[in-house]
Amino acid sequence: MNEHIDHPRRRFLVGGLAVAGTGLIAGLVRGLPARAADEAPARPSGPVTIVAFDNHGKRLGERTVKRVVKTPAQWKAQLTPAQYHILREHGTESPFSGKYVDKPKQAGIYRCQGCGTALYDSATQFHSGTGWPSFYQPIAAENVTEHTDRSFGMTRTEIACTRCAGHLGHKFHDGPEPTGLRYCMDSVALSFVPTGAA
């Protein structure tokens with residue numbers, strides 16, 4: 001009689017342990033890709049063509065340079081958490097939170113926080129009222145790359161840095177003349193370099 005009582009208990013305990021063990025294994029396996037991706041070696045990089053500018057805003061001409069490719073761990077060591085979230089995880093900063101929302105009083109150029117590529121001239125910056133720094137054109141078309149972004153149930157044009165593929169923001173067709181475009185960027189992805197100093 002005790003055997004009949006203990007038998008269902010044993011089945012219950014063994015079954016429970018099997019379910020718990022399966023859950024533990026599934027959890028560990030799910031965690032592996034993220035850790036592996038973090039430590040994955042850098043992919044081979046091919047050259048890209050960009051237009052170089054010095055820190056005085058002088059156009060130096062086209063340059064063929066190596067693409068900047070790093071592992072997530074390497075990017076995390078270089079960037080702040082906010083920069084990593086925007087540039088590498090395609091995040092977006094809150095409106096009116098960025099330091100470059102307002103056009104600077106001093107002339108300058110904006111460079112990529114990830115690789116230093118020149119992206120925008122402050123002469124093309126305008127107040128869009130959206131809460132993000134906005135430009136009507138990049139400093140050179142070669143320095144930014146466009147991708148179709150279908151996130152959040154809409155289709156937009158994502159703008160990325162040509163050299164390091166860092167996410168910068170999006171392009172819209174509601175800007176001022178002469179282009180009618182609005183390059184809506186994240187301040188965190190940019191670094192402003194004044195060009196006035198000799």
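Trainee: Which residue stands opposite Met-185 in β10?

Mentor: Gly-169 stands opposite Met-185. The model is predicted, so local features need pLDDT of at least 70 and side-chain atom pairs count only at pLDDT 80 or more, while totals for chains, interfaces and linings use all residues. Residues are numbered from 1 along each chain as its sequence is written, and side-chain values use heavy atoms, with hydrogens and water left out.

Trainee: How many bridges join β9 to β10, and what is the strand order of the open sheet?

Mentor: Strands of a sheet pair through backbone hydrogen bonds, either parallel or antiparallel. Here β9 (residues 167-172) and β10 (residues 182-185) run antiparallel and are joined by four bridges; strands are DSSP E runs of at least two residues and helices H or I runs of at least four, numbered from the N terminus, and pairing requires at least two DSSP bridges. The open sheet has six strands in the order β5-β6-β10-β9-β8-β7, with antiparallel pairing. Its edge strands, β5 (125-126) and β7 (144-149), each pair on one side only.

Trainee: Which residues touch the most other members of the largest nonpolar core?

Mentor: In soluble globular proteins, nonpolar side chains tend to be buried together. Leu-119, Tyr-120, Leu-168 and Met-185 do so among the 23 residues of this core (buried Ala, Val, Leu, Ile, Met, Phe, Trp, Tyr and Cys residues joined through side-chain atoms within 4.5 Å). Helix α3 gives the largest share, three residues.

Trainee: Is Gly-114 buried or exposed?

Mentor: Gly-114 is buried, at 8% relative accessible area (buried is under 20%, exposed over 50%, partly exposed in between, with a 1.4 Å probe and protein chains only). Gly-114 lies in the loop between β3 and β4.
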